[in-house]
Every structure is written in C-alpha cells, then in structure tokens.
Amino acid sequence: MKQTKSKRPFPCFTDTSRREFLVGAGAAGLALGIDGLIPARAQTDQVKPDYTLRIGTSLVELSPEHIVSTTTYNGQFPGPLLRFKEGQRAVVDVYNDTDTPELVHWHGQIIPSDVDGAAEEGSPYIPAHGMRRIAFVPRPAGFRFYHTHVVAGADLNRGTYTGQVGPVYIEPKNEPGNFDREVFLVLKEFEPSFSRGGDMAMEVLAGAPIKELQDIAEKADEQFKGPKGYEVSYDLFSVNGKMLGHGEPIRVKPGERVLFHILNASAGEIRSLALPGHVFKIVALDGNPVPTPADVPVLWLGTAERVSAIVEMNHPGVWVMGDLSDDDRGHGMGIVIEYANAKGKPQWSKPKPFKWDYAIFGKNGATPAQPDETMEFTIVKHNGALAGFNEWTLNGEAFSMDAMKPMYTVHEGRRYRLKFRNASDDIHPLHLHRHSFELTRVGGKATAGVMKDVVMLGGFQELEFDFVADNPGPTLFHCHQQLHMDFGFMALFNYA
Ligand SMILES: [Cu+2]
C-alpha cells in the first residue's frame with residue numbers, strides 16, 4: 001500500500017541529522033562487534049557448518065530491463081532456503097563482506113538473545129570484513145526466515161530495504177498435511193525512495209476504528225503540525241526476485257494440491273495476493289498450524305508475516321497470482337501459474353473486496369487462558385518530528401537506540417497480556433522476538449489458539465495478544481516496518 005509511485009526529489013534532511021543516524025548505528029556496531037568477534041580460524045577448525053552465509057553486494061536481475069545492485073546473502077535473492085530439523089543443533093557461519101557491521105536475525109525462532117541477531121538484545125554484530133559462527137537449536141517447527149536487523153534510519157541502502165532476506169523451514173518431527181508439493185514465495189520490493197506519505201488502505205482488516213484513538217491522534221497532530229512525515233515507496237516489485245512475467249512460471253497439473261509458503265519480505269509494505277478462480281486453504285500463520293484451517297479468496301500479509309496455504313489446482317488456465325493493487329502488480333508483484341497443456345497470456349481478474357480477519361482461524365468457542373498480568377501500550381505518531389521523519393511513541397516514549405534501555409520487566413513462567421491501542425491510521429505489523437504469542441482479541445473480537453510472531457494492528461484499532469515468558473534473556477518488541485522501528489517504535493523486555 002502507500003503506493004506513491006512518482007519519484008519525488010530526495011528529502012533534504014539536514015546534514016547533522018543524517019550524520020547522527022549513521023554515526024549512531026556505526027558506533028554501537030563497533031562496540032558490540034569487538035565483543036562478539038571470535039577469530040575465524042579458532043571457530044571453524046573443528047566443525048563444518050550446516051550452512052554458510054556471505055553478506056555482500058551483488059546484482060539482482062528482476063527482469064532484463066531492471067537489474068538492481070543491493071546487499072544479499074550468497075550473491076542471490078532471495079537468500080538460500082535454509083532447512084533445519086527441529087531440536088537438532090545447527091551451525092551457521094556468517095561472513096560479512098561489506099564494510100559495515102551486520103546482524104542476521106532468526107525471525108520467529110525461540111532461541112537465546114546472543115544468537116537471535118538483535119543488537120538491542122545483546123547479540124554481537126558480525127564485524128565488517130569479519131565473520132561470526134552462530135549455533136542454536138532451531139525451534140519451533142515451521143516456516144521462519146532470516147533477515148538483517150541493523151538500523152537503516154535515513155539510509156535506504158541499509159537494513160531491510162536491501163536484499164538481505166531468506167526463508168527458513170524447520171522440519172517438524174512428523175510432517176502433517178495433505179499436499180503434493182511445496183513452493184516457497186518471497187514477496188519483495190526494490191528501488192526504495194522517500195516520499196511525503198500516501199494513505200494506508202483502511203479496508204484491509206476486519207474491525208472498526210475507535211473514536212477515542214482518533215481523538216488522541218487529532219491532539220498529537222495539532223501539536224506536530226506541518227507536512228506529512230517521510231514514507232518509503234518503491235519502483236520495482238518481485239516474487240522470488242523476479243518481476244511478474246520474468247521468472248519461471250509455477251507449472252501445475254489439474255487436481256494437484258500445492259502448499260505455498262509465502263513470506264512478505266518487505267521493509268514496510270502490507271501485501272495482498274490472489275489467484276483468480278482459486279481459494280487458499282490457510283493451514284499455518286507465521287509457520288504455526290492454525291486451530292481452524294479456513295478457505296479465503298485473498299491473502300493479506302503485514303511486513304514479515306508468513307502464510308502457509310494449500311491451493312487445490314482445479315481451474316485450468318494460465319493465471320497471474322498477484323497483488324490486488326494494479327500499480328504494484330503492474331510493476332512486478334506477481335507470478336504466473338501455468339497448468340499443463342494450457343496456453344495463452346496469463347489472466348488476471350480482481351477478486352471481490354475481502355477483509356482479513358485472524359479470528360476465523362482461531363479455536364471455535366474457546367477463550368484464552370487468563371493472564372497473570374496485563375500491560376497496555378498506546379501508540380502515537382509525532383508527525384515529522386525527527387528532521388521530517390515521523391517519531392513513534394509507546395506510552396509517550398520513543399525507544400532510544402543509544403540508551404537501549406529495557407522498559408518492561410517480565411518474570412519467567414508468567415503469562416502476559418499485551419494490549420495495544422493504535423492512535424494512528426497506519427497498520428502496524430507488531431513483532432515480538434524469541435517468543436510466539438497467542439492472539440486473544442483482534443478487530444473487536446475475542447479469539448484463542450492462533451500463535452504468531454507478527455500481527456497487523458489496524459488503524460485506530462486495538463489488539464491483544466498473550467505470551468508466556470518462557471525464554472529468559474533480553475527480548476525485543478517492535479513494529480516490523482523499518483521506518484517505524486528506526487524512529488521510536490520499539491521496546492525492550494527484560495527478565496527479572
Ligand atoms: Cu508501524
């Protein structure tokens with residue numbers, strides 16, 4: 001969404017503000033990087049790694065006309081699919097061939113803070129032109145992914161604006177499901193630029209805006225007047241690193257059941273996906289099996305969300321599986337599905353509007369366990385307050401990247417309910433590190449049993465999720481939109 005496709009002049013934030021962002025990130029990286037630097041020889045002499053990742057600059061051919069230069073893993077986009085076995089210790093060697101410190105975050109895994117890959121939690125950086133060996137016991141089973149976790153700030157060549165993303169599949173001890181084959185899809189935009197904000201689509205999520213939250217936003221807007229803060233828009237869109245029509249089609253046979261594992265690898269966009277004449281049977285969200293698998297005509301994925309869905313191929317033809325936005329699809333966001341013996345131009349037809357409702361995948365009639373404690377967070381935007389960038393506050397406080405101060409304390413074994421109140425019109429993909437959470441209220445409806453690690457909070461809406469504090473160590477919470485997390489939308493939980 002937010003498709004402001006026209007290129008605007010580069011924003012003129014002051015020199016000092018830019019320098020602060022860059023120096024801030026660099027200095028923190030250096031301090032932590034030295035701590036975490038174990039000589040490469042000593043680390044690698046004995047055990048062979050399960051995987052090696054090399055972070056470096058490479059070209060990605062989205063189409064013959066559109067070749068972009070970006071930072072990738074192993075010179076490819078997306079990064080290689082890493083398959084792990086649940087509970088079986090894995091070793092990954094990461095070489096950083098760039099001249100800035102990097103971090104690889106193992107998104108959705110319940111692992112220790114020092115290998116999770118977030119500096120705020122104490123994970124050491126992978127030094128520039130250095131390496132780090134990372135070892136952990138992969139869990140839980142399901143579709144996870146890995147991506148960089150550095151601060152981008154005002155630099156669109158850093159962080160998740162780059163091509164540093166790849167899928168992870170942790171094989172369960174027993175593979176359930178009735179499908180013929182698996183296909184992984186990574187949805188990703190390239191060529192980001194700053195713009196002065198479009199509007200977030202409000203028709204995406206079930207639920208209604210709450211007046212009280214709109215009033216809070218109105219007050220904040222009176223205080224922070226002026227032009228809208230910067231947003232990021234993109235010129236090129238891709239599925240598995242190819243613009244629509246330029247990659248190999250997915251070739252299917254009538255009657256085949258294809259299990260799609262779909263990742264929204266965007267730095268900040270909300271994505272939709274539809275396949276004309278077909279439905280998606282959603283079997284897992286963020287890699288976790290849902291209590292009630294359900295058929296939907298359209299997928300909506302917030303930044304970093306994953307959907308695993310089975311499509312029964314029962315409508316022969318040549319089809320575009322693509323984003324509902326004509327503009328995004330027109331600039332590449334889609335992939336061709338081609339039935340055996342079908343010929344012709346790939347067909348697209350727009351599905352009827354469909355509101356995304358996480359609650360339909362929940363446990364029917366069940367109520368979640370009672371929490372031991374409830375914490376409430378009110379999210380407010382300070383329009384353009386940071387050199388033209390919006391500042392984001394949780395309960396009045398923007399996270400400081402310099403102080404990295406833990407703000408909330410949890411006790412091992414307790415169940416926490418986090419209640420979020422969004423006093424902004426943006427959809428925020430909320431992400432908790434190192435834990436899975438259970439949705440307990442969304443779009444005004446109580447629910448239970450849907451386990452996730454990212455969830456979209458609608459504009460002027462409320463949302464509640466519970467997590468059990470069962471993985472001691474500093475734990476980061478943030479909005480997964482790079483632009484929001486870099487400008488305040490973050491909090492650090494500490495175990496007592
Ligand atoms: Cu956000």
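Modeller: Ground rules before you start: donors are N, O and S atoms within 2.8 Å of the metal (3.2 Å for Na, K and Ca), and water is not among the atoms, so sites may look incomplete. This is a predicted model, where local features need pLDDT of at least 70, side-chain atom pairs count only at pLDDT 80 or more, and totals for chains, interfaces and linings use all residues. Residues are numbered from 1 along each chain as its sequence is written, and side-chain values use heavy atoms, with hydrogens and water left out.

Colleague: OK, metal site. Which residues are the protein donors of the copper ion?

Modeller: The donor atoms are ND1, SG and ND1, lying 2.0 to 2.1 Å from the copper ion. They belong, in that order, to H428, C479 and H484.

Colleague: And is C479 buried or exposed?

Modeller: Buried means under 20% relative accessible area and exposed over 50%, with partly exposed in between (1.4 Å probe, protein chains only). H484 is at 2% and falls on the buried side. C479 comes out at 0% relative accessibility, so C479 is buried.

Colleague: Switching to charges: how many salt bridges does the count come to?

Modeller: The test is a side-chain nitrogen of Lys or Arg within 4 Å of a carboxyl oxygen of Asp or Glu. Applied here, the count of salt bridges is 30.

Colleague: Take D328 and R271, then. How many residues apart in sequence are the parts that this pair ties together?

Modeller: Helices (H or I, at least four residues) and strands (E, at least two) are DSSP runs, numbered from the N terminus. The closest N and O atoms of the D328–R271 salt bridge are 3.0 Å apart. D328 sits in helix α5 (residues 326–330) and R271 in strand β13 (residues 271–273), so the sequence gap they span is 57 residues.

Colleague: Which residue does R415 meet in a salt bridge at 3.0 Å, N to O?

Modeller: R415 is in strand β23 (residues 415–423), and its partner, 23 residues apart, is in strand β25 (residues 437–442). Both side chains are buried. That partner is E438.

Colleague: Now a sheet. In what order do the three strands of the open, mixed sheet come?

Modeller: Two strands pair if DSSP finds at least two bridges between them. β18 and strand β19 (residues 334–339) pair in the antiparallel sense over five bridges, and V320 has V336 in β19 as its bridge partner. The open sheet has three strands with mixed pairing, in the order β11-β19-β18.

Colleague: Which are the edge strands?

Modeller: Go by pairing in the order β11-β19-β18. An edge strand pairs on one side only, and that picks out β11 (250–252) and β18 (318–322).

Colleague: Last one, on the protein overall: what share of its 496 residues counts as buried?

Modeller: The secondary structure comes to six helices and 31 strands. Over those 496 residues, the buried share is 60%.
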